[in-house]
Amino acid sequence: MQRPPVTQSSALQFDLDGKNASPRPTVVRSPAAVKPTAQPTRTPSPTPVPAARPKYVVVFVLDGARPDYFNVPGIPHIRALMDHGTVYTNAFAGVLQSETPTGHAAIGTGMLPKHNGILGFGWRTPSDHYVSIFNPAYIQDHTMENLMSNVPSLAGVLHKAKPGSKVAAVGSYKYYANDALGGPASDYTMYYAPGPGSDYRPVSVPGHVPPRSLLNSKDLIYPTYKNVPLGISDMLAMRLARETFEQTKSNVIMLNVPEFDQPLGHIWGANRDMKDATRLMQQFDYSLGTVEDAYRKAGVLDQTVFVITADHGFQAFDRLVTPDVINNAVSSVGLKVTSGAYHTADFLWLDNSARSNAAAAAIAGLGNPYIQAVYFKEQSATGYDYVRASGAGLFDAPGMEAANQLLLDSFEGADSPDVVVMFRDGTAGGYAENKWKGDHGGADWESQHIPLIISGAGVRQGATSAYPARLIDVAPTVLALLGAPWSEMNGTALADALVSPPAGSAIAQAARGPSLSADVRAMSTEARIERAESRAGE
């Protein structure tokens, strides 16, 4: 049978016609991590006494970074931020799909995907139109920003509350991540792309153009995008953030750091071998030191907050349930998958949405031992709901149905998939020829669990929080620190991280805590049981 469009990517990014879009750099494992030219403070200097309210914030999004990466040795700058800030141990993405565009849009807007319009790399609408943001052309023509234009964003709210403030969204090759962070209201949005003569340089999105001197800086141009040593793309993202601050003094800089996702996560299996994870973490730590030094040199380090998080987690999987298995089950009841995203969960759009219940029942009827749950979408008087077609006996932990519903609710709407197939931990969708060893995208705890560190002016020092913070809480927390409102956002300011929480923020956070904690407890318990059962069956 003919395969439907899928969102899994290969070494090059492709548009819907199969033509090459802008290639990501080819990465090779270099003998040693490549260090930036600027030399950071070798040992983090004592943290300055922080100002009562910060004027600057830097949000580092380590794409696909797992919390256990932060246990590696040789990361003194990260360790100093953790020791002098607030660390969240149960932070999770809180969105479906747990993909890069979705996670970054949640960070940049403080809104769930069903509101901010970014459901993944691509999706099909009820009118059978396929929406894609997996091509630089769709960033340059503002396709992504138009989808996000009707919701608040960190940049838009800050501009309204603090006229004259500046927000920049930067990174290296992940254009869809950087644009999602900045959205329509960003002052400067940049990403890396091949330049003249196959060099590798920053380009900007129309309407978000920085000073020409920044784009033409020799320190930001790498001689080639082919056979790039491991760590270079991350280093260039960090260098671009540093020079963006030096030239524009942007109040908020948000950046994507890409290589924890690709190649580390997908190609090498995330935490299968911590050697490469350690190298990337130490490389990031070194570059973090150079960024801190730029703020120190400007005399504003004590007025700055640093946030380190990830857009999604990562699962090193052991088994595949191929798309053909799922698609054939759908075909057996006379339906066709017109579009699909196959990852640690499968997301299916059908040629007849009204019969999604039949498709889900057929998949559940497979009795595949690696499927945890199957859901179909149905329209209700108040909107849309996902209904479970599989039996409750497939769950191992109490509370899993509520946890799955929390995540399904994050994207349910007219454009969301007709059928969702959730896999047991250690299992992913996709084709073996991709040769991936790790993936994300689903509701499993490893795909959802993320790091979150907040440190600097106005932030509690030496604190550890078990509160289940979500990506939608980042923008409200940044805005609260900067003295701007966030009430229109789905997320809430993380009051337990703030020295002086805004009025009502602690109550709002506390009201969400019990149910979110129950969801996290269910997801993490389910993951442990499923992994143990998987190992026992090997």
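Reply: Helices (runs of H or I of at least four residues) and strands (runs of E of at least two) are taken from DSSP and numbered from the N terminus. In these terms, P263 belongs to helix α10, residues 260-265. The model is a predicted one, in which local features need pLDDT of at least 70 and side-chain atom pairs count only at pLDDT 80 or more, while totals for chains, interfaces and linings use all residues. Residues are numbered from 1 along each chain as its sequence is written, and side-chain values use heavy atoms, with hydrogens and water left out.

The core comes next. A residue is buried when its relative accessible area is under 20%, exposed when it is over 50%, and partly exposed in between, using a 1.4 Å probe and protein chains only. A nonpolar core is a set of buried Ala, Val, Leu, Ile, Met, Phe, Trp, Tyr and Cys residues joined through side-chain atoms within 4.5 Å. In soluble globular proteins, nonpolar side chains tend to be buried together. The largest nonpolar core here contains 130 residues, and F60, L62, L255, F260 and F284 have the most contacts inside it. Contact means that heavy atoms lie within 4.5 Å. Neighbours within four places in sequence aside, F284 is in contact with F60, L62, I78, M238, V257, F260 and I308. Another core, of 19 residues, lies apart from this one, and V337, Y342, V419 and V421 are among its members.

Helix α9 (residues 232-248) packs against helix α11 (residues 274-297) at an angle of about 10°, and their axes are 10 Å apart. Such axes are lines fitted to C-alpha atoms, for helices over the stretch in contact, and the angles run from 0 to 180 degrees between N-to-C directions. Angles under 35 degrees count as roughly parallel, those over 145 as roughly antiparallel, those from 65 to 115 as roughly perpendicular, and the rest as oblique. Helix α9 is therefore roughly parallel to α11. From α9, the residues D234, M235, M238, R242, F245 and E246 meet L280, Q283, F284, S287, L288, T290, V291, A294 and Y295 of α11. The residues of this contact comprise 9 nonpolar, 3 polar and 3 charged. Here Ala, Val, Leu, Ile, Met, Phe, Trp, Tyr, Cys and Pro count as nonpolar, Asp, Glu, Lys and Arg as charged, and the others, Gly among them, as polar.

K249 sits in the loop between α9 and β10 (252-257). Its phi is near 50°, a positive value in a residue other than glycine. K249 counts as partly exposed because its relative accessible area is 37%. A270, in the loop between α10 and α11, likewise is not a glycine and has a positive phi of about 55°. A270 is buried because its relative accessibility is 0%.

Several other residues complete the picture. A169 lies in strand β6 (residues 167-171), and its relative accessibility of 0% is why it counts as buried. Apart from neighbours within four places in sequence, A169 touches N178, L181, G182, S186, Y188, T189, M190 and M254. A169 and N256 are 87 residues apart along the chain, with their C-alpha atoms separated by 8.3 Å.

T338 is part of strand β14 (residues 337-342) and, with a relative accessibility of 16%, is therefore buried. Its side chain makes a polar contact of 3.4 Å with that of R124. A polar contact is a pair of N or O atoms within 3.5 Å; within protein, one must be able to donate a hydrogen and the other to accept it, and residues adjacent in sequence count only if both atoms are side-chain atoms.

R460 is placed in the loop between β21 (452-456) and β22 (463-465), and it is partly exposed because its relative accessibility is 39%. The R460 side chain reaches the backbone oxygen of D496 at 2.7 Å. Beyond neighbours within four places in sequence, the contacts of R460 are H84, G85, T86, D496, A497, L498 and V499.
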